[in-house]
Structure formats: structure tokens, C-alpha cells
Amino acid sequence: MDHSNRKSVSSRMSRQRTRDTEPEMVLRRELHRRGLRYRVGYPVPGNPRRSIDIAFVGLRLAVFVDGCFWHGCPTHGTWPRNNAEWWKNKIEANRRRDTDTDRLLREGGWEPLRLWEHEIVTAADRVQMAYIQRLRSIRPRAPGVVDSPPLADEQPQPLGR
């Protein structure tokens, strides 16, 4: 790879968004449309240098929208040929960091939910179901009371476009 090409690649990569990506924004708009309220960029308990993409703080539900390239998606991830060893180390380090973040969250009583950017069409349904499950798991119940069927507003809605 020649020097001028390296500079252009480096410049392009440095401009990549780390938050508010298109898949993340699509998911956030849909969750908001469904009436779910969340925090964005919430610090990971135990490591405030890391942040949760979409956090339902009261339920301790952490949602991450992982990019297929940056996090090594088994379906859509690619391995660059130029500077291959460096990229392999970078992507594998991202995976190790994701695993460690999930561990920190679980130790703090949070439930991490990781979504691939290519899953964004069905992601809102998965988040809503995880939200409902967390809500039910922390909702106080009187002794002997059987859980009622889901409420109408607890049913996932199709992704709006």
C-alpha cells in the first residue's frame, strides 16, 4: 500500500462515527415511537470510559448496536487484506472488550443485549421483548398471584418505516 493511500484510508477511518450511527438512530426512533424511553451513551457501571448505546436504566437493560465490520460479524464481517495483522488484532480486541463489558454489566445486575447492525429491521421487536421480560422480572408480585397475559401495549409492533 503506498503512502498516499494509507493517509486516505486513515483519514476515512478516523471520520467513522462511534455513536449515533444510522442503524442506531433507526432503532432509537422506532423504540421512541413505541413509547419506550431510554438514555443514550450511558456509562457502563464498573468502567465509565465505556458507554451503553441505549440504556433502560430502571430495568438495567443495556442495548448495543454492533457494526458488522468493527465487531467482526460472522455473517457480514470482512477482513481487510491491507495491514491484515493490525486489523485482525483490532477487531479481536473489540470482541474481547465487548465480552468484558457484558461481564461487567452482568456483575452489576444489568442484562446486556447485543444486536448486529444488519439485524436492525427486527431489532426493535427483540429490544421490546427484552424490555418486557426485564419489567416482569423486577415487578413486585403479591404471594399466590399468577402472572397475567401480556397487555395489548406489550405486544411487539411491526417496524415502522
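Among contacts in the protein chain between residues at least 6 apart in sequence, what percentage join residues at least 24 apart? The figure is 58%.

**Overview**

This is a predicted model. The protein chain averages a pLDDT of 84, and 75% of the residues score at least 70. Over residues 148-154 the pLDDT is below 50. Beyond near neighbours in sequence, that stretch has nine contacts in the model.

The protein chain holds four helices and four strands. Along the sequence they follow the pattern α-α-β-β-β-α-β-α. The chain has 161 residues, and buried residues make up 32% of them.

**Strands and hairpins**

Start with strand 2, residues 47-56. Seven of its 10 residues are buried, so this strand counts as mostly covered, given that buried means under 20% relative accessible area. Strand 2 pairs with strand 1 (residues 39-44) in the antiparallel sense. Strand 2 also runs antiparallel to strand 3 (residues 61-66). The table sets the two pairings side by side.

| Strand pair | Bridges | Residues between the strands | Residue with positive phi |
|---|---|---|---|
| Strand 1 and strand 2 | five bridges | two residues | Gly46, near 95° |
| Strand 2 and strand 3 | three bridges | four residues | Arg60, near 55° |

Tyr42 has Ile52 in strand 2 as its bridge partner. Ile54 stands opposite Val63 in strand 3.

**Helix 2**

Helix 2 has 12 residues. At 1.5 Å a residue it should span 16 Å, and its end C-alpha atoms are 16 Å apart, which agrees.

Which residues of helix 2 are buried? They are Pro23, Glu24, Leu27, Arg28, Glu30 and Leu31. Seen down the helix axis, these buried residues fall within an arc of 165°, so they line one face of helix 2. An α-helix has 3.6 residues a turn, so residues three or four places apart point the same way.

The buried residues of helix 2 pack against strand 1, strand 2, strand 3, strand 4 and helix 4. The face turned away from the buried side carries the exposed residues Glu22 and Arg33. After helix 2 comes Gly35, whose phi is positive, near 90°.

**The cores**

The largest nonpolar core has 16 residues. Which of them touch the most other members? They are Leu27, Leu31, Phe56, Val63, Leu113, Leu115 and Val127. Helix 2 (22-33), strand 2, strand 3, strand 4 (111-116) and helix 4 (120-138) each supply at least two residues of this core. Helix 4 gives the most, with five residues.

Look at Leu113 in detail. Not counting residues up to four places away in sequence, Leu113 touches Leu61, Ala62, Val63, Phe64, Arg126, Val127 and Ala130.

**A residue in helix 3**

Asn94 is found in helix 3 (residues 84-107). Is Asn94 buried or exposed? Its relative accessibility is 4%, so Asn94 counts as buried. Leaving aside its neighbours within four places in sequence, Asn94 is in contact with Trp70 and His71.

Conventions: Residues are numbered from 1 along each chain as its sequence is written. This is a predicted model: local features need pLDDT of at least 70, side-chain atom pairs count only at pLDDT 80 or more; totals for chains, interfaces and linings use all residues. Side-chain values use heavy atoms; hydrogens and water are left out. Buried means under 20% relative accessible area, exposed over 50%, partly exposed in between (1.4 Å probe, protein chains only). Two strands pair if DSSP finds at least two bridges between them. pLDDT is the predictor's confidence in each residue, from 0 to 100. Contact means heavy atoms within 4.5 Å. A nonpolar core is a set of buried Ala, Val, Leu, Ile, Met, Phe, Trp, Tyr and Cys residues joined through side-chain atoms within 4.5 Å. The expected span of a helix is 1.5 Å times one less than its number of residues. The arc is that of the directions from the helix axis to the C-beta atoms.
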